[in-house]
Amino acid sequence: MAWDTKEYARWFPFDRVGIDTYYDQETQTLAAVAVDACRGPQVSLDGVLLVGRLPSELEAWIEKTASTLEDPTLPEYVDGLRFGPRGEPYLLSLGLVLRCQQDGDHARCRPVFLAPRWAMRGQEWIEDLIPDREWLTY
């Protein structure tokens, strides 16, 4: 397991299955899972395949899903659709960040699933919680 230079998380790759795992340093528990867009297993949500898709293929699904997530009991910074500094859509109430990963001439979806304790901290914290390796490699 590799500790990142950031304060909060450590990382362990499962290269053979195309998954990267990120752990909360404070609790020593799994806090995020990123699925490799090229080598990872397929993951679906409500029957929609998320891994390896072109971002444009998921645009309508993201907008529709985000419109169903509006919940007045959630903090405003978690509710609905948000965008990260690199333009990736955040659906934090679902614990989902749809990142992109280069695959030849295309960018493909690399979903990152967040534990509720990380997702509920809001998008401003996500980059600090997940190690630089995730943000700078893909």
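Over the ring of which residue does the charged end of Arg121 sit? The ring is that of Trp125, and the charged end of Arg121 sits 4.6 Å from its centre. The model described here is a predicted one.

**Aromatic rings**

A search of the whole structure for aromatic pairs finds one. The pair is made by Phe12 and Phe14, whose ring centres are 4.9 Å apart. Their planes stand at 65°, so the pair is edge-to-face, because planes over 60 degrees apart are put in that class. Phe12 has a relative accessible area of 29% and is partly exposed. Phe14, at 37% relative accessibility, also counts as partly exposed.

**Strands S4, S9 and S10**

Strand S10 covers residues 106-114, and strand S9 covers 96-103. S10 pairs with S4, residues 29-35, and with S9. The table sets out the two pairings.

| Strand pair | Bridges | Direction | A residue and its partner in S10 |
|---|---|---|---|
| S9 and S10 | eight | antiparallel | Gln101 and Arg108 |

S9 and S10 form a hairpin with two residues between the strands. In this hairpin, Gly104 takes a positive phi near 65°. As a general point, side chains in a regular strand alternate between the two faces of the sheet.

The loop between S10 and helix H2 (116-119) contains Ala115. Is Ala115 buried or exposed? Ala115 counts as buried because its relative accessibility is 14%, and buried means under 20%. Ala115 and Val51 are 64 residues apart along the chain, and their C-alpha atoms are separated by 18 Å.

**The largest pocket**

Empty space can be found by rolling a probe the size of a water molecule over the atoms. What is the volume of the largest pocket? The volume is about 170 Å³. The largest pocket is lined by 13 residues, and the closest to its centre are Pro55, Glu59, Ile62, Phe83 and Pro89. Two or more lining residues come from each of helix H1 (55-68) and strand S9 (96-103). The largest share, five residues, comes from H1. By kind, the lining of the largest pocket divides into nine nonpolar residues, one polar residue and three charged residues.

Terms used. Residues numbered from 1 in each chain as written. Predicted model: local features only at pLDDT ≥ 70, side-chain atom pairs only at ≥ 80, totals over all residues. Heavy atoms only, no water. Phe/Tyr/Trp six-rings, centres within 6.5 Å; stacked < 30°, edge-to-face > 60°. Buried < 20%, exposed > 50% of the residue type's maximum accessible area, 1.4 Å probe, protein only. Lys NZ or Arg CZ within 6 Å of the ring centre and 35° of its normal. 1 Å grid on protein atoms, 1.4 Å probe; cavity = no way out; pocket = protein on both sides within 12 Å on 5 of 7 lines; lining within 4 Å. Points joined across faces, edges and corners; volume = space filled by probe spheres on them. Helix = DSSP H or I, 4+ residues; strand = E, 2+ residues; numbered from the N terminus. Nonpolar A, V, L, I, M, F, W, Y, C, P; charged D, E, K, R; others polar. Pairing = 2+ DSSP bridges.
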